[in-house]
Amino acid sequence: MTTVPEDVSLDGLRDALGLLKDREQVAARLLESSAKHSFDPDKDLDWDAPLEEGKWFWPPELVSLYDTPMWKRMSEEQRLDLARHEAASLTSLGIWFEIILMQLLVRHIYDKSVTSAHVRYALTEIADECRHSMMFARVIHKGGAPTYPVSRIHHNLARVLKTVSTTPGSFACTLLGEEILDWMQRLTFPDERVQTLVRGVTRIHVVEEARHVRYAREELRRQMVTAPRWERELTRLSCGEAARVFSIAFVNPEVYTNVGLDRREAVAQVKASGHRREVMQSGAKRLTDFLDDIGVMRGVGRRLWRSSGLLA
């Protein structure tokens, strides 16, 4: 396909989902929504309220060991503690990912008109992500669990990714990091078994991330139509590799050690868990269906997605 310059109208161009939407119109709507539905976590959440005895930091069905033989042997106190540590692990992963995302967004807008609605919305999203990262760090501290950084190899792989990533690759990886966690958080914030503070954090994130997902989806559709063939192929490969890394890094195995479990046995049982596989694939399904529709899930990239366990 022929690459379309930035200043050329996309009227008439389409993909499997239909006509591409005008970039400026999408951004204008997202800016309007941001003005109406944005939060200040420092003011909108009660950080001074005590944690609630016997409540979860993460719904038990979303805890990695749920319904495994090891889970069935654990006491309720140990299960609650594992959920607290896994929530800290996922939140640490979220901070790492959002720092990467902010850098990718800055790169995306570097050569674009600073007065465009598209750039204004990107800057708005960067501000959102700054608040989210601070909010996540604060809830980890409040919960009393340690932070769980990704492994050094994944940290350095991400350094390479954010340096060499093309625009469609950046938005594909953005959706990977946002949509699976979003699916889980949509189950968390209405769950009265969960700590009130955690529910508030996930609610804020879900509301604001809905705009981020829309922005990334529309831009990725545009890029997969207008990018040269080599860039589309690289996107398929890099997105598949990112899915593989993401699935490995999703829960830091150190959480099992820190709650007194045998780490090797716990990791093995999670890998063998049909329930866990179903949770991860359900969380990814909306995204994988979308990526399939727009031509990302092909060739080696699709095989990498299958190896990640996120694609049935």
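Let's start with His-85: at 6% relative accessibility, this residue counts as buried, because the cut-off for buried is under 20%. Keep in mind as you look around that this is a predicted model. His-85 sits in helix H4, which covers residues 76-109. What does His-85 touch, if you skip residues up to four places away in sequence? Its contacts are Ala-145, Pro-146, Tyr-148, Val-255, Asn-258 and Val-259.

Now hop over to Glu-278, in helix H12 (residues 274-293). Is Glu-278 buried or exposed? With 53% relative accessibility it counts as exposed, since the label applies over 50%.

Next, let's look at a pair of helices. Two packed helices are described by the angle between their axes and by the distance between those axes. Take helix H1 (residues 23-36) and helix H5 (residues 117-143): their axes come within 8 Å and cross at roughly 40 degrees. That angle makes H1 oblique to H5. As for handedness, H1 passes H5 in a left-handed crossing.

Which residues make this contact? From H1 come Arg-23, Glu-24, Ala-27, Ala-28, Leu-30, Leu-31 and Ser-34. H5 brings in Ala-117, His-118, Arg-120, Tyr-121 and Thr-124. Sort the residues of this H1 and H5 contact by type and you get six nonpolar, three polar and three charged.

How values were computed: Residues numbered from 1 in each chain as written. Predicted model: local features only at pLDDT ≥ 70, side-chain atom pairs only at ≥ 80, totals over all residues. Heavy atoms only, no water. Axes fitted to C-alpha atoms, helices over the stretch in contact; angles between N-to-C directions. Helix = DSSP H or I, 4+ residues; strand = E, 2+ residues; numbered from the N terminus. Parallel < 35°, antiparallel > 145°, perpendicular 65-115°, else oblique. Left-handed = near helix turned anticlockwise from the far one by under 90°. Contact = heavy atoms within 4.5 Å. Nonpolar A, V, L, I, M, F, W, Y, C, P; charged D, E, K, R; others polar. Buried < 20%, exposed > 50% of the residue type's maximum accessible area, 1.4 Å probe, protein only.
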